[in-house]
Amino acid sequence: MRIAMIGTGYVGLVSGACLSEFGHEVACIDSDAGKIDALNAGRIPIFEPGLDEVVATNVKAGRLSFGRELAPAVKSADAVFIAVGTPSRRGDGHADLSYVYAAAEEIARGLDGYTVIVTKSTVPVGTGREVEQIIRRARPDAEFDVASNPEFLREGSAIEDFRRPDRIVVGAESERARAVMREVYRPLYLNETPIVFTARETAELIKYAANAFLATKITFINEMANICEKVGADVQDVARGIGLDGRIGSKFLHAGPGFGGSCFPKDTLALLKTSQAVGAPTRIVEAVVDVNEQRKADMAEKIIAAVGDVRGKTIAVLGVTFKPNTDDMRDAPSLVILPALQARGAKIRAYDPEGTAEAKKHLDVTFCADAYEAIEGADALVILTEWNEFRALDLARVKSLLKTPLIIDLRNIYPPKQMAEAGFRYISVGRPSLAPEV
Ligand SMILES: NC(=O)c1ccc[n+]([C@@H]2O[C@H](COP(=O)([O-])OP(=O)(O)OC[C@H]3O[C@@H](n4cnc5c(N)ncnc54)[C@H](O)[C@@H]3O)[C@@H](O)[C@H]2O)c1
């Protein structure tokens with residue numbers, strides 16, 4: 001089967017590479033010349049574990065190619081995936097669909113023979129119909145269907161998620177389109193991955209409902225953490241105690257500095273806008289958006305309260321990406337927390353294993369070559385992203401390098417008892433702090 005993937009970012013590149021691994025012939029198209037040149041030179045423009053290997057293997061096998069010209073790729077394709085960005089529109093929070101619609105116009109020009117156009121981008125309900133109309137207007141003669149196939153992969157484990165998804169959701173209006181989509185995912189289908197076939201609008205909504213639900217879980221446990229801090233309870237035990245209940249589940253119950261990333265913030269906002277536009281407001285999602293916004297500001301205050309007056313103080317920060325194993329900085333909590341500390345006069349020395357190049361575009365702080373360089377001479381250490389390498393710091397060395405043995409861990413990666421024994425004043429999220437044993 002021949003596939004064109006329009007948009008070669010985090011989702012398009014992973015999806016394109018993995019679909020070529022299934023045996024399909026995939027042409028990945030992007031309008032960003034720098035990205036395509038890098039890929040054609042064998043460089044991966046993003047950090048995603050395992051992606052370089054999948055790309056290299058399939059390019060070598062002749063199944064995966066990269067280019068800027070959309071028309072030839074679309075002409076020969078059985079399925080054309082749209083995987084372009086749908087960021088928040090400036091000013092009103094609606095999903096910005098201009099990239100999707102521009103791609104649809106271009107696809108229309110290239111269509112030749114029956115083709116299924118598949119929106120993999122996260123798009124509001126009704127976008128598939130609009131894409132169909134755009135193409136129909138431009139090419140009344142074309143034979144095509146428009147299907148919705150939202151993507152659920154997580155950055156940082158995207159390859160595994162694509163190879164072994166919990167489910168595949170396909171919204172399609174014709175049996176012919178469903179047959180093509182079944183063929184696209186046949187290797188997974190044979191592995192008994194459930195394929196949920198729905199109406200197109202339903203598939204579009206499923207993606208937003210999933211992200212809003214997960215964002216709600218995170219926000220819920222963050223509020224429980226606040227209560228824990230007031231009453232001396234431990235939020236990790238609360239999360240375990242409720243998460244073992246099969247109806248609740250243990251995932252996405254880690255208290256922290258608030259959710260960020262390329263999806264939850266913009267998708268909760270877009271769902272809110274849709275719900276308001278159709279006259280079915282969702283007060284839960286409204287609260288989630290507000291609480292999460294406030295949470296990031298509260299985290300800056302938590303750090304300031306722990307350090308005291310931060311003016312002129314140096315704060316070491318470990319991790320600036322929105323989560324580990326990615327270089328993605330979109331809506332990372334660090335983008336709110338670090339400037340808030342700087343506004344109060346703090347100096348920031350930060351280290352991130354993979355995010356530094358991207359972070360430098362957004363943060364005006366001192367970036368260091370490793371964790372210990374950031375920590376040296378600092379008045380406090382803040383753990384902001386739970387990269388694995390921060391889980392096994394040489395605590396004696398950390399203590400000797402810090403001016404004051406103060407750690408504020410916004411990801412709860414160390415047991416408070418171990419930190420007290422190591423002589424730290426250790427402040428985490430929703431867990432009792434123990435006095436340091438000196
Ligand atoms: N990143 C994730 O974890 C994730 C997970 C699930 C779903 N999604 C959704 O997938 C979509 C893509 O997200 P992403 O993170 O991959 O975005 P991204 O910004 O990394 O990539 C989008 C790419 O599309 C390209 N592009 C834009 N218009 C184009 C056009 N007309 N022709 C060719 N290329 C074009 C851009 O140059 C860019 O490289 C979004 O709707 C997002 O919500 C993202």
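A polar contact is a pair of N or O atoms within 3.5 Å. The model is predicted.

**The ligand and its shell**

- There are 25 residues around the ligand, and those that come nearest are Asp-30, Lys-35, Thr-86, Glu-155 and Lys-266.
- By class, this shell is made up of nine charged, eight polar and eight nonpolar residues.
- Helix H1 (10–21) supplies at least two residues of the shell, and so does helix H5 (98–110).

**Polar contacts and cover of the ligand**

- Lys-266 has a side-chain N or O atom 2.6 Å from an oxygen atom of the ligand.
- Thr-122 takes part through its backbone, with an N or O atom 2.9 Å from an oxygen atom of the ligand.
- On its own the ligand has 840 Å² of accessible area, and the protein covers 89% of that area.

**Helix H12**

- Helix H12 runs over residues 264–277, which is 14 residues.
- At 1.5 Å a residue, H12 should span 20 Å, and this agrees with the 20 Å between its end C-alpha atoms.
- The buried residues of H12 are Phe-264, Pro-265, Lys-266, Asp-267, Thr-268, Ala-270, Leu-271, Leu-272 and Ser-275.
- Lys-266, one of these buried residues, is also among the residues that come nearest to the ligand.
- Helix H10 (200–231) and helix H13 (283–307) are included in what covers the buried residues of H12.

**Arg-200**

- Arg-200 is located in helix H10.
- Arg-200 counts as buried because its relative accessibility is 5%, and buried means under 20%.
- Leaving out residues up to four places away in sequence, Arg-200 touches Gly-128, Arg-129, Glu-132, Val-146, Ala-147, Ser-148, Gly-171, Ala-172 and Glu-173.

**Glu-132**

- Glu-132 is located in helix H6, residues 127–138.
- The relative accessibility of Glu-132 is 30%, so Glu-132 counts as partly exposed; that class lies between the limits of 20% and 50%.
- Leaving out residues up to four places away in sequence, Glu-132 touches Phe-144, Val-146 and Arg-200.
- Val-146 is also among the residues that Arg-200 touches.
- The C-alpha atom of Glu-132 is separated by 8.7 Å from that of Ile-117, a residue 15 residues apart from Glu-132 along the chain.

Terms used: Residues are numbered from 1 along each chain as its sequence is written. This is a predicted model: local features need pLDDT of at least 70, side-chain atom pairs count only at pLDDT 80 or more; totals for chains, interfaces and linings use all residues. Side-chain values use heavy atoms; hydrogens and water are left out. A residue is near a molecule or strand if one of its heavy atoms lies within 4 Å of it. A polar contact is a pair of N or O atoms within 3.5 Å; within protein, one must be able to donate a hydrogen and the other to accept it, and residues adjacent in sequence count only if both atoms are side-chain atoms. Accessible areas come from the Shrake-Rupley method with a 1.4 Å probe; for residues, only the protein chains shown count as cover. Helices (H or I, at least four residues) and strands (E, at least two) are DSSP runs, numbered from the N terminus. Ala, Val, Leu, Ile, Met, Phe, Trp, Tyr, Cys and Pro count as nonpolar, Asp, Glu, Lys and Arg as charged, and the others, Gly among them, as polar. The expected span of a helix is 1.5 Å times one less than its number of residues. Buried means under 20% relative accessible area, exposed over 50%, partly exposed in between (1.4 Å probe, protein chains only). Contact means heavy atoms within 4.5 Å.
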